[in-house]
Amino acid sequence: MLTFFGNHVLEEGDLAVYSGSIIDVLGRVGVGEQAVRSTLTRMVNRGLLQRRREGRKMFFGLTPQATRVLIDGRTRIWEQGAVNDDWDGSWTLLGFSLPDSWKRQRHDLRSRLTWSGFGALYSGLWIAPGEVDVSAVVAELGLTAHVKIFHARAAEVTDIEQMISDTWDLDSIAARYVTFDKRWAPHLGTGSGDDPIGTRLRLVSEWLWTIRTDPRLPARHLPPAWPARTAQETFYTVARQTHPALEAARSSLETIPLR
């Protein structure tokens, strides 16, 4: 659902999309009407979407929170990429201590940190390559008073390759890229297919799933032939093939101004 709004709404400004249009597009990738409606309701309840009724129709648009999430995703996909060739040797360290009863807050913080490129060096100490600004994330979760953030460089005695291997599951991250490339490489040079709108939705959704646990570790400290590079080239090529589908989809959606 977030991929749908990222593909078709984020760049268009404050628009709300008719639920019927959303059902039609997600139906192209096998998502049933009831699943779409229940997901829309859950996302409204979580503050990710807002509703607007127009006559007998219900329209849905992005909240500021969802817009921030999608802009972050857009940056990860189209600007940063999956391969980190320009790491400057710095690290961001984040320490936190939360009450035992704050299970939801702890889960939300860990999820957001993972998306931001952090891994658990120790249980309450997380680390990410480069200078990563997560102050807004921490503030949004209401945890500023419980978190300390530092920027540092590793001492020469630190084995960075070993630290990376201990902190992140490299085999799992690599396997995601291999799976993605095997799935999408056959689409190279084949055009946009019979259903370019559905293809584009699946492509971006699967790429987001692939990169969401990848911290963009420094390429020079990763195993040889790291598969992220090949997978990213496949993604960008197929994305170019399906780009015209975005205009076709946007023109077919029934929308109204959100405000």
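1. Let's start with Leu93: its bridge partner in strand 6 is Ile127. Helices (H or I, at least four residues) and strands (E, at least two) are DSSP runs here, numbered from the N terminus. Strand 4 (residues 90-96) and strand 6 (residues 125-129) run antiparallel and are joined by five bridges. Trp91 also has a bridge partner in strand 6, namely Pro129.

2. A word on what you're looking at: this is a predicted model, in which local features need pLDDT of at least 70 and side-chain atom pairs count only at pLDDT 80 or more, while totals for chains, interfaces and linings use all residues. Residues are numbered from 1 along each chain as its sequence is written, and side-chain values use heavy atoms, with hydrogens and water left out.

3. Now the other neighbour of strand 6. Strand 5 (residues 119-122) pairs with strand 6 in the antiparallel sense over three bridges; two strands count as paired if DSSP finds at least two bridges between them. Strand 5 and strand 6 make a hairpin, with two residues between them. Gly119 sits opposite Ile127 of strand 6, and Ile127 is also the partner of Leu93.

4. Put together, these strands belong to an open sheet of four, in the order 5-6-4-7, with antiparallel pairing. Strand 5 and strand 7 (147-153) are the edge strands, each pairing on one side only. From one strand to the next, the twist averages 30°. For angles, axes are lines fitted to C-alpha atoms (for helices, over the stretch in contact), and values run from 0 to 180 degrees between N-to-C directions.

5. Which helices pack on this sheet? Helix 5 (residues 103-115) does, touching strand 4, strand 6 and strand 7, and its direction makes about 175° with that of strand 4. Helix 7 (residues 160-167) packs on the sheet too: it touches strand 4, strand 5 and strand 6, with its direction at about 110° to that of strand 5. Contact means heavy atoms within 4.5 Å.

6. Is strand 6 mostly covered or mostly open? It's mostly covered, as four of its five residues are buried. Buried means under 20% relative accessible area, exposed means over 50%, and partly exposed is in between (1.4 Å probe, protein chains only).

7. There's a second open sheet, again of four antiparallel strands, in the order 2-3-1-8. Strand 2 (49-54) and strand 8 (255-257) stand at its edges with a single partner strand each, so one side of each has no neighbour in the sheet. Neighbouring strands here are turned by 35° against each other on average, direction ignored. Helix 2 (residues 19-27) packs on this sheet, where it touches strand 1 (15-18) and strand 3, and its direction makes about 70° with that of strand 1. Strand 2 and strand 3 (residues 57-62) run antiparallel and are joined by six bridges; Gln50 stands opposite Gly61 in strand 3.

8. UniProt, in an unreviewed entry, lists residues 85-162 as "domain: Transcriptional repressor PaaX-like central Cas2-like". That stretch, 85-162, is 28% helix and 29% strand, with its end C-alpha atoms 19 Å apart. Residues 2-64 carry the UniProt annotation "domain: Transcriptional repressor PaaX-like N-terminal" (unreviewed entry); the span is 48% helix and 25% strand, and its end C-alpha atoms lie 13 Å apart. UniProt positions are given in the numbering used here, feature names are shortened, and annotations may be inferred rather than shown by experiment.

9. Arg229 is worth a click: you'll find it in helix 10 (residues 228-242). Arg229 counts as partly exposed because its relative accessibility is 40%. The side chains of Arg229 and Asp85 are joined by a polar contact of 3.0 Å. (A polar contact is a pair of N or O atoms within 3.5 Å; within protein, one must be able to donate a hydrogen and the other to accept it, and residues adjacent in sequence count only if both atoms are side-chain atoms.) Neighbours within four places in sequence aside, Arg229 is in contact with Val83, Asp85 and Ala219.

10. Last, Thr210 in helix 9 (residues 196-211). Thr210 is buried, at 2% relative accessible area, and its side chain reaches the backbone oxygen of Glu206 at 2.7 Å. Beyond neighbours within four places in sequence, Thr210 is in contact with Arg176, Tyr177 and Phe180.
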